[in-house]
Amino acid sequence: MTLMEAINRIDTIKPNGYNQTEKIKWLSTLDGIIKTEIIDTHDGGENVVFNGYTEDTDPTTLLLVPAPYDEIYLFWLEAKINYWNGEYGKYNNSIAMYNEAYSTYAKY
């Protein structure tokens, strides 16, 4: 999934008022976590380069988690949107889905 595909999909699935720049920051944070906690702890992790995403990042940049595990990005964005909207019940559901997706990818 590319940076722009993740943003477009979440905007379709969960319409929201957050701008693209904010979502790019959220995705950058997640891939930073994934790089540090999962990729860097495995052989070859040092060969994966990640310097974060900004509004200047090519929108066709591939995110770090490949299919079929890439729904993690949608759950993460949904959780962020719900949290910042103050929708804590929905946040709890979406962060639980994120945590499950993260755990599944980490085991992979």
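1. Residue K25 belongs to helix α2 of this predicted model. With a relative accessibility of 46%, K25 is classed as partly exposed, because that value falls between the 20% limit for buried residues and the 50% limit for exposed ones. The C-alpha atom of K25 lies 6.7 Å from that of Y53, although the two residues are 28 positions apart along the chain.

2. Y53 itself deserves attention. Leaving aside residues up to four places away in sequence, Y53 touches L3, I24, L27, S28, D31, T61, L62, L63 and L64. Y53 is also listed among the residues with the most contacts inside the largest nonpolar core, together with L27, I34, I72, Y73 and Y98.

3. That core comprises 30 residues. At least two of its residues come from each of the helices α1 (3-13), α2 (20-37), α3 (72-84) and α4 (88-107). The greatest contribution is made by α3, which supplies 8 residues.

4. Setting aside residues up to four places away in sequence, the contacts of L74 are A6, R9, I10 and I13. For one of these, I10, the C-alpha separation from L74 is 6.0 Å, across 64 residues of chain.

5. The packing of α2 with α4 can be described separately. The two helices meet at an angle of about 35 degrees, and their axes are 12 Å apart. Their crossing is right-handed. On the α2 side the residues in contact are L30, I33, I34 and E37, while α4 contributes Y98, Y102 and Y105. Classified by type, this contact has 6 nonpolar residues, 1 charged residue and no polar ones.

6. How many salt bridges does the structure hold? There are 3. In one of them, the side chains of K23 and D11 meet with an N to O distance of 2.6 Å. This pair links distant parts of the chain, since K23 sits in helix α2 and D11 in helix α1, 12 residues apart. K23 counts as buried, at 2% relative accessibility, whereas D11 is partly exposed, at 29%.

7. Another salt bridge joins K14 to E87, with the closest N and O atoms 3.9 Å apart. K14 is located in the loop between α1 and α2, and E87 in the loop between α3 and α4, so this pair ties together parts separated by 73 residues in sequence. K14 is buried, with 15% relative accessible area, while E87 is partly exposed, with 28%. The distance of 3.9 Å qualifies because a salt bridge requires the nitrogen to be within 4 Å of the carboxyl oxygen.

8. A further salt bridge is formed by the side chains of K35 and D40, at 2.3 Å from N to O. Are these two partners buried or partly exposed? K35 is buried, with a relative accessible area of 9%, and D40 counts as partly exposed, at 39%.

Conventions. Residues are numbered from 1 along each chain as its sequence is written. This is a predicted model: local features need pLDDT of at least 70, side-chain atom pairs count only at pLDDT 80 or more; totals for chains, interfaces and linings use all residues. Side-chain values use heavy atoms; hydrogens and water are left out. A nonpolar core is a set of buried Ala, Val, Leu, Ile, Met, Phe, Trp, Tyr and Cys residues joined through side-chain atoms within 4.5 Å. Buried means under 20% relative accessible area, exposed over 50%, partly exposed in between (1.4 Å probe, protein chains only). Helices (H or I, at least four residues) and strands (E, at least two) are DSSP runs, numbered from the N terminus. Contact means heavy atoms within 4.5 Å. Axes are lines fitted to C-alpha atoms, for helices over the stretch in contact, and angles run from 0 to 180 degrees between N-to-C directions. A crossing is left-handed if the near helix is turned anticlockwise from the far one by less than a right angle, and right-handed if clockwise. Ala, Val, Leu, Ile, Met, Phe, Trp, Tyr, Cys and Pro count as nonpolar, Asp, Glu, Lys and Arg as charged, and the others, Gly among them, as polar.
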